[in-house]
Amino acid sequence: MGNDFTKPPESLHGQMLFREMFYLLSRSVSNWDQDLDNQMCKKIDWGDYNDSALSAWEMGLTGFPYIDAMMRQLDATGWMHHLGRHAVSCFLTRGQLWQHWKYGRDVFQKKLLDSDWAVNNANWLWLSGVAPFSMPYFRLYNPCPDSKSSLNVETKTAAFIKFWIPELKEFPPKYILEPHLSSASIQQSSNCVIGKDYPFPMVNRKESAKENLMRFKDSLAA
Ligand SMILES: Cc1cc2nc3c(=O)[nH]c(=O)nc-3n(C[C@H](O)[C@H](O)[C@H](O)COP(=O)(O)OP(=O)(O)OC[C@H]3O[C@@H](n4cnc5c(N)ncnc54)[C@H](O)[C@@H]3O)c2cc1C
């Protein structure tokens with residue numbers, strides 16, 4: 001046997017150590033699934049519950065094809081790849097929509113086939129940036145990732161996105177992650193006019209990211 005296996009934390013052992021750490025924490029930290037009196041959760045002044053934003057996110061109608069494809073896959077199959085879970089949870093919370101992580105946690109809890117109370121709460125704490133084990137809150141995922149993104153998206157054929165968003169199945173892969181930026185003639189020849197057949201992005205991704213970073217910083221300083 002060669003010695004070229006990945007090492008923790010990327011390796012299988014590393015992933016399982018995370019899981020065990022989360023099981024231990026969930027039993028030893030009070031209020032593991034709350035933001036009040038939970039030592040593993042920083043207090044952030046999240047926005048008011050926004051029903052239409054949350055249902056657009058849950059139903060895969062945000063106007064961000066990568067996010068929508070992931071959420072539609074979750075809805076239809078009960079599964080989403082780990083990196084997709086990273087992207088959609090970041091988008092809902094500190095990235096774009098500034099909604100409390102508990103709302104996303106509840107949707108995952110209800111829909112994931114591998115739904116697990118300890119691990120699901122842990123990962124939402126992690127991805128929303130509030131936990132000591134979170135990645136730095138200012139490192140956001142781009143919800144329109146290119147082929148170089150750490151989200152590891154296949155952009156050559158964009159078959160995954162086309163499968164889950166049939167509205168975009170005739171779109172050239174070059175424009176599929178941000179279809180609203182394509183010309184009117186491309187939209188017409190692809191049989192998908194943005195704003196009519198598929199939504200415009202529900203927020204400006206760069207402006208919302210900038211505003212939310214400031215909000216996060218302000219909450220930490222308060
Ligand atoms: C927001 C969010 C919510 C999640 N909710 C759940 C959940 O409810 N239930 C659940 O089992 N996993 C959850 N995960 C963790 C992870 O996405 C899944 O365990 C993983 O997709 C399983 O796929 P795999 O078996 O191919 O994992 P591999 O990458 O092959 O890892 C092997 C095993 O390690 C464990 N593991 C891997 N990553 C994690 C992790 N981040 N945290 C804890 N254990 C991990 C799992 O038991 C997994 O089967 C969540 C991740 C995120 C970002």
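Biologist: Which helix gives the largest share of the lining of the largest pocket?

Modeller: This is a predicted model, in which local features need pLDDT of at least 70, side-chain atom pairs count only at pLDDT 80 or more, and totals for chains, interfaces and linings use all residues. Residues are numbered from 1 along each chain as its sequence is written, and side-chain values use heavy atoms, with hydrogens and water left out. A pocket here is an open set of points on a 1 Å grid over the protein atoms alone, where a 1.4 Å probe fits and protein lies on both sides within 12 Å along at least five of seven lines, and lining residues have an atom within 4 Å of a point. Helices are DSSP runs (H or I, at least four residues) numbered from the N terminus, and although H1, H4 and H6 each supply at least two residues of this lining, the largest share, seven residues, comes from H1.

Biologist: What volume does the largest pocket have?

Modeller: A volume is the space filled by probe spheres set on the grid points, which are joined across faces, edges and corners. For the largest pocket this comes to about 1000 Å³.

Biologist: Which residues lie closest to the centre of the largest pocket?

Modeller: The lining of this pocket consists of 36 residues, which divide into 19 nonpolar, 11 polar and six charged. Those closest to the centre are Gln-15, His-82, His-86, Asn-123 and Trp-126.

Biologist: Which helix supplies the largest share of the shell around the ligand?

Modeller: The shell holds 21 residues, of which His-82, Asp-114, Asp-116, Asn-120 and Asn-123 come nearest, where near means having a heavy atom within 4 Å. Helix H1 (12–28), helix H4 (82–95) and helix H6 (117–127) each supply at least two of the shell residues. The largest share, six residues, comes from H6.

Biologist: How far from a nitrogen atom of the ligand is the backbone N or O atom of Asp-114?

Modeller: Polar contacts are pairs of N or O atoms within 3.5 Å. A polar side-chain atom of Arg-19 lies 3.3 Å from an oxygen atom of the ligand, and a polar backbone atom of Asp-116 is 3.0 Å from a ligand oxygen atom. For the backbone atom of Asp-114 and the ligand nitrogen atom, the distance is 2.7 Å.

Technical notes. A polar contact is a pair of N or O atoms within 3.5 Å; within protein, one must be able to donate a hydrogen and the other to accept it, and residues adjacent in sequence count only if both atoms are side-chain atoms. Ala, Val, Leu, Ile, Met, Phe, Trp, Tyr, Cys and Pro count as nonpolar, Asp, Glu, Lys and Arg as charged, and the others, Gly among them, as polar.
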